[in-house]
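Dear colleague,

I am handing over a structure to you with this email, and below it you will find my notes on what was found. Please keep the structure open beside the text while you read.

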Amino acid sequence: MMDANGKAEMSSPFQKGTVKSINVEKFGFVTIAHGEDAIFTPTECPASLDLQPGDEVEFVCQPGPKGKRAKCVRKARSCGMVARFNPNKYGFIVMDGGEELLF
């Protein structure tokens, strides 16, 4: 896929959504685009065990026998903000916690 400047865009299999409800011993629901829900099993996704309703999450959506299934559910991550950037060399991103990362 190309962006507006004709450069290749990176794609990700992850979608974004919001935790609708969760019972860490059984299952949870994530609200995805257009108000649809996908079910997930927290025990299959260790990163989802500390989720709460309303948390923003990332996940891989797959068809299931009774509807959509969310796999690899985890809290959505921020990529931070670009602090400095030299298009010919490198740049720095400042993460939410203040840490600077080189890219």
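I begin with a turn: E2 and E3 form a hairpin that has five residues between the strands, and in this hairpin His34 takes a positive phi near 60°. Here helices (H or I, at least four residues) and strands (E, at least two) are DSSP runs, numbered from the N terminus, and two strands are said to pair if DSSP finds at least two bridges between them.

Before going on, please note that this is a predicted model, in which local features need pLDDT of at least 70 and side-chain atom pairs count only at pLDDT 80 or more, while totals for chains, interfaces and linings use all residues. Residues are numbered from 1 along each chain as its sequence is written, and side-chain values use heavy atoms, with hydrogens and water left out.

**The chain as a whole**

The secondary structure of the protein chain comes to zero helices and eight strands, so that, read from the N terminus on, its elements run β-β-β-β-β-β-β-β. Of the 103 residues in the protein chain, 20% are buried, where buried means under 20% relative accessible area, exposed means over 50%, and partly exposed lies in between (1.4 Å probe, protein chains only). The accessible surface of the chain comes to about 7,500 Å², and 56% of this belongs to carbon and sulfur atoms; such areas come from the Shrake-Rupley method with a 1.4 Å probe, and for residues only the protein chains shown count as cover. Among contacts (heavy atoms within 4.5 Å) between residues at least 6 apart in sequence, 35% join residues at least 24 apart.

**Strands E1 to E4**

Strand E1 (residues 15-22) pairs with E4 in the antiparallel sense over four bridges, and within this pairing Gly17 stands opposite Val57 in E4. Four bridges also join E1 to strand E2 (residues 28-31), and these two run antiparallel; Ile22 has Gly28 in E2 as its bridge partner, and E1 and E2 form a hairpin with five residues between them. E2 is in turn joined to E3 by four bridges, again antiparallel, with Asp37 in E3 as the bridge partner of Thr31.

Thr41 is found in the loop between strand E3 (37-40) and strand E4 (56-64). Thr41 counts as buried because its relative accessible area is 16%. Leaving aside neighbours within four places in sequence, Thr41 is in contact with Lys26, Phe27 and Arg69, and a polar contact of 3.0 Å joins the side chains of Thr41 and Arg69. A polar contact is a pair of N or O atoms within 3.5 Å; within protein, one must be able to donate a hydrogen and the other to accept it, and residues adjacent in sequence count only if both atoms are side-chain atoms.

**Strands E6 to E8**

An open sheet of three strands has the order E6-E7-E8, with antiparallel pairing. E6 and strand E8 (100-102) stand at the edges with a single partner strand each, so one side of each is left without a neighbour in the sheet. E6 and E7 pair over four bridges in the antiparallel sense, and Arg84 stands opposite Phe92 in E7.

Lys89 lies in the loop between strand E6 (81-85) and strand E7 (91-94). Is Lys89 buried or exposed? Lys89 is exposed, because its relative accessible area is 65%. Lys89 and Phe103 are 14 residues apart in sequence and 9.1 Å apart in space, C-alpha to C-alpha.

**Aromatic pairs**

Rings of Phe, Tyr and Trp (its six-membered ring) pair if their centres lie within 6.5 Å; planes under 30 degrees apart count as stacked, over 60 as edge-to-face and the rest as tilted. By this rule the count comes to two aromatic pairs. The rings of Phe27 and Phe29 have centres 5.6 Å apart and planes at 80°, so this pair is edge-to-face. The rings of Tyr90 and Phe92 have centres 5.8 Å apart and planes at 85°, so that pair is edge-to-face. Phe27 counts as partly exposed at 38% relative accessibility, as does Phe29 at 28%, and Tyr90 is partly exposed with a relative accessible area of 42%.
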